[in-house]
Amino acid sequence: MAQEWLIVWHINYDMIQNLKYIVLLLVFVTLRTTAQDQWTLDDCVAYALDHNLQLNDFKYTEQAGRENYRQSVRNLLPSIDAFTNYNVNFGRAEDPNTGTFVTQDFFSNNYSLQSSIDLFQGFQKINAIKVSKFLYKATQEETENEKYLLAFRVMQAFTNIQFFEGLVAVSEEQLAVSQSNYDLVERQIELGLMAGADLYEAESLLLTDKLNVTQSKNQLAAAKLVLIQEMNLENTDDIAIQSELANELGSTDSKVVSSDSVYSNARDFLPLIKAQELRANAAHKQVAVERGRLLPSLSAFAGVGTGYFETRRDTLGNTLPFREQFRDNTSQYIGVRLNVPISNGWSSWSRIKQAKIERLRARNNLQIQEQVLFQAIQLLVQDYNSLLVELEQSTQNAEAQSLSFTIAQKRYEKGLINALELFTAKNLFANAQNENLQVRLRSEVNKRTLDFYRGLPVFDIN
C-alpha cells in the first residue's frame, strides 16, 4: 500500500508540475498577446482607412467618375449597328423586290450592317472628355480629403482616450492619498490622538475620490467606444493604445506662426481646394460643350444590306432559294450627313445660360472653400500662439500646486490643518494636473493640424 501510495503521489506531483508549466506558459502568451494588441495612432488610422464604410461610398463615386471619363473617350469611336426584320404582307401591298403593287400574301426578310462616325460636332466630344476628366480627378481629391477627415477624427478620439487615461491616473493617485489618510486617521483614533468625527471626514473624502475614479473610468470607456466606432472595429468593446503622443508633449515648436504662410502652403495641396478647382474647370468646359450644339455637325456613314423576298421567282415561278437571294440582293452604300441647327425653341441658348450660371456657382464655391480654409487656419494659429503661453503657465501651476499639496499633506499628518483644508489643496492639485494634461494634448493636436496644413507628413494616408 505504501508503495502504491508513493507511485500515486509521484504521478500527481508530476501532473501538478506540468500544470504549473502550462499555466506559466499561458500567462506568458497572454502577456505577449496583450502587449501586441496595443494600437499606435498610425495603426488606428490605417485600420480605419481599410474598414470605414463611409469612405467606401467616396471610393465608389471615384470609380463611377473613372468609368464616365473612359466612356467619354470611347465615344470618339465609330458606332456599328446591325439590323434585321421579318415582314408578312396581306392583301394589296408593294412588292419590296420590284416596287410594284401586288395582291397576294407574301413575306420578306431584310439584313443590314451600318457604321457611322462623327467628323465634326462643334468639339462637343473633345470638351466632354475634358469635363469628365476634371470631374474624375475631383472625385479622387474628394476621396483623399475624406481620408484626411477620417484620420483627424481618429486622432481626436485617440487623444481623448489619452486625456481620460491621464484623468484616471490622477484620480487613482488622489484615491491612494485619501486611502492613506483614512488609514492614518484610524491609527490616530486608536491611539487617542483624534476624535471619531475625524474618521467620518476622512471616509467622506475617500468615497468622493472613489466616485471620481469611477466617473473617470466611465468617461474613458466612452472615449474608447468613439475610437472603436470610427475604426469600425468589430467584436470588441475595449481597445488599448500606446501613449506615444504623451511622450512627445511639450516638444511643440515655440516659433511664432503666420496665418498667411500656412494658408499659402495649404492652398497648393489641400484635396478639398483642388477638388473644387477641378469642378470649376469642369463647369467652364461644360459651357463650351453647350456652345458646340449651336454649330453644324458632320458625320460619315456606310453600310451593306441584303434581303430575302418570297415574291422573287425564277422563270418557272419558283421562289429563289435564300442563299442565292442573300448573295444577289446585296447592296452597299456610303455617304455623309450634315446637320445645321436652325431653331429648337431656344433650348440650346437656355442650356448655355444654365451652364454659365453653374460656372459662376462653381467659382463662388471655390472662393467659399478658400475663405473657410483661411479662417480655420487663422483660428488654429491663434490657438497655437495662445497654447504656447497656456502650456508654460499650466506647467508652472501644476508644479506649484504639487508643492502646495505636499506641504498640506505633511501639515495634515501633524494635525496642523483639518481634512477640509487638505481636501481643498488636493483638489487644486488635481485640477492643475488635469488642466496641464488637457493643454498639453490640445497643443499636440494643434501642432499636428498645423503641420498638416504646412504640407508635412502627419498621416501615412497612402
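Tutor: Asn434 is in contact, meaning heavy atoms within 4.5 Å, with Phe163, Leu167 and Val170, once its neighbours within four places in sequence are left aside. The model is a predicted one, in which local features need pLDDT of at least 70 and side-chain atom pairs count only at pLDDT 80 or more, while totals for chains, interfaces and linings use all residues. Residues are numbered from 1 along each chain as its sequence is written, and side-chain values use heavy atoms, with hydrogens and water left out.

Asn434 belongs to helix 11; helices are DSSP runs of H or I with at least four residues, strands are runs of E with at least two, and both are numbered from the N terminus. Asn434 counts as buried because its relative accessibility is 17%; buried means under 20% relative accessible area, exposed over 50%, and partly exposed in between, with a 1.4 Å probe and protein chains only.

Helix 11 itself covers residues 419-453, and its 35 residues should span 51 Å at 1.5 Å a residue, which agrees with the 51 Å between its end C-alpha atoms. The expected span is 1.5 Å times one less than the number of residues. After helix 11 comes Gly455, with a positive phi near 95 degrees.

A cavity is a set of points, on a 1 Å grid over the protein atoms alone, where a 1.4 Å probe fits but cannot get out, and lining residues have an atom within 4 Å of a point. Among the residues that line the largest cavity are Ser178, Tyr182, Leu205, Tyr412, Leu422 and Lys426. Helix 4 (124-190), helix 5 and helix 11 are the elements that give two or more residues to this lining. The lining divides into 6 nonpolar, 2 polar and 1 charged residues, where Ala, Val, Leu, Ile, Met, Phe, Trp, Tyr, Cys and Pro count as nonpolar, Asp, Glu, Lys and Arg as charged, and the others, Gly among them, as polar.

Asn232 has a positive phi near 60 degrees, although the residue is not glycine. Asn232 is partly exposed, with a relative accessible area of 26%.

How values were computed: On a 1 Å grid over the protein atoms alone, a cavity is a set of points where a 1.4 Å probe fits but cannot get out, and a pocket is an open set with protein on both sides within 12 Å along at least five of seven lines; lining residues have an atom within 4 Å of a point.
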